[in-house]
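Visitor: Please guide me through this model, with attention to its packing and to the contact between its chains.

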Amino acid sequence: MKYAYYPGCASDSTAREQHASCVAVARSLGIDLAEIAGWICCGTTPAHQTDRVLAASLPAANLVRAQKMGLDIVVTCAACYSMLKMANYEVLHHPQVREHVSEALGQDYDGSVRVRHFVEVLLEDVEIDRIRKALKHSLNGLKVACYYGCLLVRPPEVNQFDDPENPTSLDRLVTAMGGESLDWPHKVECCGGALSLTRTDVVVKLSDAVLTMARAAGADCVAVACPMCQINLDLRQSDIKKETGRDHNLPIIYITQLLGLCLGIAADELGLEKLMVSPESVVKRLTRVEELV
Amino acid sequence: MTDVDMSVCFQCKKCDSGCPVSNLTGSPPSEILRRLHLAAGNELLTSDLVWMCVSCETCFARCPMGIDIPSVIDALRGLAVERKTPAPEGNMPLFNRVFLKTVKFFGRTYDLGMIVAHKIGTRTYMKDADKFPVMLKKRKIALLPPRGADRKMAKRIFDSVRRKKESQK
């Protein structure tokens with residue numbers, strides 16, 4: 001099981017822990033992630049808000065590199081995932097965009113590299129049974145609100161990731177880990193993502209709505225697979241408290257961190273100390289699998 | 001612009017129902033489409049949704065006619081910048097510019113450079129000031145610019161896009 005790994009820019013800043021936990025989980029499950037040498041930024045929201053060809057060319061430069069490696073490309077960041085998928089879609093469906101992209105890159109790209117999110121690799125290639133057998137700890141009934149946000153699931157005809165309105169990929173992993181995945185209505189609502197630094201007031205409102213619903217559903221923590229979702233829901237809890245008085249105090253933890261914990265990987269290797277709201281309550285719930293039987 | 005067919009919109013307002021910012025904006029997505037039908041002029045570019053839209057793609061995913069509304073909004077953003085519309089609250093055009101500048105320069109984003117440039121441009125020095133020490137300590141903001149990217153390729157792409165834009169003028 002070998003893939004071309006695209007870490008994305010957040011792997012070196014806000015989402016260091018997502019990158020670290022993904023790499024650690026991959027190693028533990030025998031997934032070979034070969035980092036793409038010289039990868040460049042996908043351009044994310046600023047690129048698609050600025051120019052259509054720019055938004056397709058930046059990701060395409062990385063897809064070309066993966067193609068040369070002869071491997072599927074694997075991503076952990078939902079925004080990168082969406083940009084890479086969109087680049088493929090654009091090149092495949094719009095000949096004129098393809099022409100501009102090949103001009104920008106200095107070579108043609110045909111849109112054929114398969115783009116996978118790490119969660120898809122876990123579910124489709126490793127498969128739940130094998131993951132379950134590798135687990136050393138159980139979440140022991142921990143109530144987890146799985147939050148997918150926008151860019152994993154939308155637009156559905158481009159991403160083709162799970163069900164766009166009621167995805168269950170993260171829920172299946174949480175259930176396999178012995179957690180209780182909650183049925184709640186804000187799985188695919190937006191946290192405010194791109195406005196994090198520009199219109200923080202909007203982000204505070206949207207993230208508060210998501211967190212309020214997670215708490216109402218009885219969540220002990222929220223599991224995420226996107227750096228923007230993570231930073232907004234985690235970092236902005238202090239602003240929400242200041243503005244509304246609501247102290248959610250909900251750990252926002254990457255699905256790969258949860259899985260890493262259950263696979264018996266050390267907390268510091270998973271970057272748990274990097275989360276703003278302490279995940280101590282989550283770690284305390286871990287129970288050795290043999291103790292449950 | 002885009003190749004989206006907006007004429008098929010029949011104002012069911014499903015986009016507005018799902019839009020996470022429709023209760024914060026003066027003009028929800030359906031209104032933007034309707035005004036485009038009615039041959040709106042530059043005044044449309046100052047609608048707050050143009051920059052408040054979070055590109056969450058919910059409207060597109062739920063539109064019964066399959067109208068790619070986020071691409072329409074992106075096209076309006078392009079026009080707003082081109083026609084020098086006054087900066088919106090939060091100055092997203094500046095954010096996009098400094099963000100992409102770091103990508104052009106380093107091949108990857110350089111958060112610190114981008115944040116400082118946006119703060120200077122918007123004079124919001126104290127905003128989130130309480131968060132920086134802890135973010136730096138947790139290394140959630142990198143001090144040094146990123147290394148290892150194919151900078152030549154990044155520059156090549158930006159230059160090519162600029163040339164294309166200039167030739168279209």
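**Core packing and the chain interface**

Visitor: With which residues is L122(A) in contact, leaving aside its neighbours within four places in sequence?
Guide: In this predicted model, the cut-off for contact is heavy atoms within 4.5 Å. With neighbours within four places in sequence left aside, the partners of L122(A) are V25(A), L29(A), I31(A), E127(A), I128(A), I131(A), L173(A) and L259(A).

Visitor: Which element gives the most residues to the largest nonpolar core?
Guide: The largest nonpolar core has 120 residues, and the members that touch the most others are I31(A), L122(A) and I157(B). The element that gives the most to this core, with ten residues, is α3(A).

Visitor: How many residues make up the other core, which lies apart from the largest one?
Guide: Among the members of this other core are M6(B), L45(B), V50(B) and M52(B). Its count of residues is 33.

Visitor: What area is buried between chain A and chain B?
Guide: At this interface, 61 residues of chain A are in contact with 58 residues of chain B. Carbon and sulfur atoms give 59% of the buried area, which totals about 5,100 Å².

Visitor: What is the N to O distance in the salt bridge of R62(B) and E165(A)?
Guide: The rule finds nine salt bridges across the interface of chain A and chain B. A salt bridge requires the side-chain nitrogen and the carboxyl oxygen to lie within 4 Å. For the side chains of R62(B) and E165(A), the N to O distance is 2.8 Å.

How values were computed: Residues numbered from 1 in each chain as written. Chains lettered and ligands numbered in written order. Predicted model: local features only at pLDDT ≥ 70, side-chain atom pairs only at ≥ 80, totals over all residues. Heavy atoms only, no water. Buried area = accessible area lost by both parts, 1.4 Å probe. Core = buried A, V, L, I, M, F, W, Y, C linked by side-chain atoms within 4.5 Å. Buried < 20%, exposed > 50% of the residue type's maximum accessible area, 1.4 Å probe, protein only. Helix = DSSP H or I, 4+ residues; strand = E, 2+ residues; numbered from the N terminus.
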